[in-house]
Amino acid sequence: MPHLPHATLGAPLFSFVVVADTHINEQDGASASPYLTNRLANDRARHVFQEIAAMDPPPRFVVHLGDIVNPVPSLPTFHDAVARYREIAQPVTLPVHLVPGNHDVGDKCVEWMPAGQVCDAYLATYREAFGQDFYAFDEEGLRCIIVNSLLLNSGLPDEARQRAWLEEQIATAGQRRVFLFMHYPPYIFAPDERANYDNVDEPARSWLLDLIRRPGVEAVFAGHVHNFWYDRVGAAEFYMLPSTAFLRHDFTEFYRVAPATEFGRGDADKFGYFIVDVYTRGHVAHPVRTMGRHSQAGAPAAPARTLHLTHPKTATFDDVGVELRHPWTERMQITATGGVQEFGRKWARNDYPLLALWEMGARLSKVTDMDLHDPEARARMAQMARFGHRYIVTTLGVPKAASLEAQPVQCGVAAFEVNLTGASFQRQQEALRAARQATGAAIYYARIAAFDDSHYDGKHFSHFVKSGLTLDELAGQRETLMVARAAGVIDGVTVRLDAEEPLCPAAHVLAAFAEETGCLVLASLKTSGPNLATERAEDDELAARAAQAMILSKALRGVRFVFDTFMDVDRGYYPRHGLIDRRFTPRPAATVFRMLNAVLAAATAFRLVSHTDDAAGILRFEADGALYRLLCMDARAMTAQLAALPAETVVHGLADGETGVAAMWLSRLQDTPAGEAGALQVLLARA
């Protein structure tokens with residue numbers, strides 16, 4: 001930390017941490033809230049501050065986005081909670097900048113809220129406890145501005161004072177890049193949304209958005225919603241952060257399965273904070289999931305975690321990705337369940353699929369042409385394309401006029417996968433050539449298995465679509481594909497690899513085909529099993545396959561790999577695990593993506609040393625001259641491999657995100673329970 005930049009980011013400068021909504025109580029293990037989750041808020045905040053204090057190298061500063069404490073200023077317990085905050089944050093010796101939240105200075109001014117609203121008395125209480133409620137500081141080319149969003153629309157004397165001051169701070173920033181920090185976001189879905197509990201009301205919202213759109217404003221960070229969202233306002237990147245304490249569980253409406261803990265409030269896989277790396281020409285905001293980790297007062301601090309962080313802005317694995325079968329820009333109305341959301345539904349966008357892609361550093365995704373045709377999804381694609389996301393758009397038949405008119409290159413479209421029967425492919429050659437020329441994107445031909453291609457046993461018929469050639473069919477289509485490639489009809493072909501098919505030997509066949517024919521290959525890596533009614537849930541096997549695909553994507557030319565599917569399919573046909581579950585929580589294969597993107601981000605030259613050990617689960621390769629072994633095998637076989645390495649060899653646990661030395665892993669594997677010894681382990685050793 002800071003991490004290797006993508007070329008456009010420039011040189012690394014420093015990092016800082018952003019924390020939101022700790023909701024610290026006046027006592028550990030107690031809360032006025034009826035939820036058990038809230039009683040853990042102090043211990044969870046303590047863990048986060050201990051983790052920040054242990055970071056090496058340390059960040060430059062920390063910003064807390066408000067709702068520092070849970071009791072509001074009108075309660076006699078407020079000052080006790082402030083004292084607990086100071087005790088919990090004490091391990092952090094670097095500057096901690098505080099933003100006032102509604103629990104800290106009172107709610108925004110709306111007549112229907114029963115809680116105390118922001119007023120001069122509450123502001124005075126906050127200032128006595130924490131200091132200034134709006135101020136700015138400069139840090140190595142940045143102007144960081146702390147905004148009291150509760151003052152907006154308040155009518156208090158300090159509202160006008162802050163407005164004039166904020167305009168001056170932005171106007172006088174000069175060459176400094178402006179970062180804004182506030183509790184309430186201006187909006188949670190769209191700039192013109194109606195007022196609700198979670199946004200800044202008009203007229204202050206429009207005034208604030210106009211300021212954010214000014215040149216030089218680079219980033220805006222807001223809390224309050226306890227959920228992750230991302231947007232752009234003008235040139236500024238706009239982030240809404242999760243809480244360290246609990247989830248605003250009305251937003252579990254995003255799930256397609258039941259929430260896990262306390263009706264969603266305790267779903268700890270959504271808790272976390274941000275680490276922001278600042279570069280000379282931009283920044284990278286890394287979400288860090290805490291998974292609800294907590295530390296009790298007086299107990300030894302947990303060992304420092306090595307945070308292997310990546311992001312599409314910095315990732316370098318461009319030719320391996322995921323198929324987004326599920327909606328990934330989904331917009332929905334959040335149900336009015338009472339509490340703070342009583343008067344009508346509110347619109348929100350589910351950005352948790354995006355969060356998972358960011359955490360993995362996944363730059364390549366396969367999407368349906370529905371996304372390219374939908375104005376909001378298309379705008380989202382264009383947003384993500386600005387910092388590295390690329391898309392393969394799959395279509396049934398030749399890309400439609402709407403696809404050709406959608407400026408696909410500006411939307412990050414690297415290729416179209418065109419699904420056609422063999423007969424249709426022959427008839428549509430001119431249309432394919434025209435689409436290829438019009439879009440500037442590559443064309444992959446995915447051959448649909450039609451009626452005549454289906455296999456029968458005399459009793460059953462195939463009723464399920466399969467697209468893409470099998471490895472066995474590829475040789476038979478060689479001449480057809482070469483002719484089409486030479487005529488400018490296509491750039492490549494999709495090949496379907498089933499989950500049971502050994503990947504390494506198959507990938508070498510595909511790479512040889514690409515080299516000999518000039519046809520690019522899109523390897524569609526199926527995560528489903530052969531039976532459409534039986535779930536495939538072998539997470540360890542998928543993690544191993546993900547690791548192999550990532551290395552092969554770097555070492556072999558002409559082949560792209562896409563995993564089908566990104567999110568679990570838990571209903572319908574071919575149920576299977578993906579890289580994230582239905583609550584958008586990463587599975588081991590997603591951790592593999594993150595680890596390899598982080599560990600090998602700086603490497604530019606990859607070479608396979610040998611693939612004779614593929615059957616034994618060993619993939620030997622060089623990255624910029626350094627020799628590595630990717631080991632995918634059960635505990636017994638892995639023990640033998642680790643025993644042969646020097647004890648201090650650095651070994652990364654790709655599926656669990658932990659880094660240690662060979663001796664540590666050897667000891668751990670020797671203690672593996674007999675019932676777990678057969679599960680695949682996925683380790684990367686620098687040999």
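1. Phe-584 is placed in the loop between strand 21 and helix 17. The model is a predicted one, and in it Phe-584 has a positive phi of about 70° without being a glycine. Its relative accessibility is 4%, so Phe-584 counts as buried, the cut-off being under 20%.

2. Tyr-574 lies in the loop between strand 21 (559–564) and helix 17 (588–599). Most residues other than glycine have a negative phi, and most peptide bonds are trans.

3. Where are the cis peptide bonds to check? One joins Asp-56 and Pro-57, with omega about 0°. Pro-57 belongs to the loop between helix 1 (41–53) and strand 2 (62–64). Another cis bond joins Glu-202 and Pro-203, with an omega of about 10°. Pro-203 is in the loop between strand 6 and helix 6 (204–212).

4. Aromatic pairs number 34 in the structure. Among them is the pair of Phe-16 and Phe-181, which is edge-to-face, with 6.0 Å from centre to centre and 75° between the planes. Phe-16 is in strand 1 (residues 12–19) and Phe-181 in strand 6 (residues 177–182), so this pair links distant parts of the chain, 165 residues apart. Phe-16 and Phe-181 are both buried.

5. A further pair is formed by Phe-228 and Phe-274. The ring centres of Phe-228 and Phe-274 are 6.2 Å apart and the planes are at 40°, so the pair is classed as tilted. Phe-228 sits in the loop between strand 7 (217–222) and strand 8 (229–233), whereas Phe-274 is in strand 10, so the pair ties together parts 46 residues apart in sequence. Both Phe-228 and Phe-274 are buried.

6. Arg-163 lies over the face of Trp-207, 4.4 Å from the ring centre. Lys-313 has its charged end over the ring of Phe-387, at 5.3 Å from the centre of that ring.

7. Which residues of helix 9 are buried? In helix 9 (residues 375–385) they are Ala-377, Arg-380, Met-381, Gln-383, Met-384 and Ala-385. An α-helix has 3.6 residues a turn, so residues three or four places apart point the same way. At the start of helix 9, Asp-374 brings a side-chain oxygen to within 3.2 Å of the backbone nitrogen of Glu-376.

8. Is Glu-159 buried or exposed? Its relative accessible area is 11%, so Glu-159 is buried, the limit being under 20%. Glu-159 is part of helix 5 (residues 157–171). Its C-alpha atom is 9.3 Å from that of Ser-149, ten residues away along the chain.

9. The largest cavity has a volume of about 80 Å³. Its lining consists of 14 residues, with Pro-242, Lys-270, Pro-287, Arg-289 and Leu-355 nearest its centre. Strand 10 (272–279), strand 11 (282–289) and helix 7 (352–360) each give two or more residues to this lining. The lining of the largest cavity comprises nine nonpolar, one polar and four charged residues.

10. The largest pocket contains about 1300 Å³ of space. It is lined by 43 residues, and those closest to its centre are Glu-323, Arg-325, Lys-526, Asp-564 and Arg-576. Elements giving two or more residues to this lining include helix 8 (369–373), strand 17 (413–420) and strand 20 (520–526). The lining of the largest pocket divides into 15 nonpolar, twelve polar and 16 charged residues.

11. The second largest pocket has a volume of about 910 Å³. Of its 38 lining residues, Tyr-197, Arg-248, Arg-265, Gly-339 and Val-340 are the closest to its centre. The classes in this lining are 14 nonpolar, 16 polar and eight charged.

How values were computed:
Residues numbered from 1 in each chain as written. Heavy atoms only, no water. 1 Å grid on protein atoms, 1.4 Å probe; cavity = no way out; pocket = protein on both sides within 12 Å on 5 of 7 lines; lining within 4 Å. Points joined across faces, edges and corners; volume = space filled by probe spheres on them. Helix = DSSP H or I, 4+ residues; strand = E, 2+ residues; numbered from the N terminus. Nonpolar A, V, L, I, M, F, W, Y, C, P; charged D, E, K, R; others polar. Phe/Tyr/Trp six-rings, centres within 6.5 Å; stacked < 30°, edge-to-face > 60°. Buried < 20%, exposed > 50% of the residue type's maximum accessible area, 1.4 Å probe, protein only. Lys NZ or Arg CZ within 6 Å of the ring centre and 35° of its normal. Polar contact = N/O pair within 3.5 Å; in protein donor to acceptor, adjacent residues only side chain to side chain.
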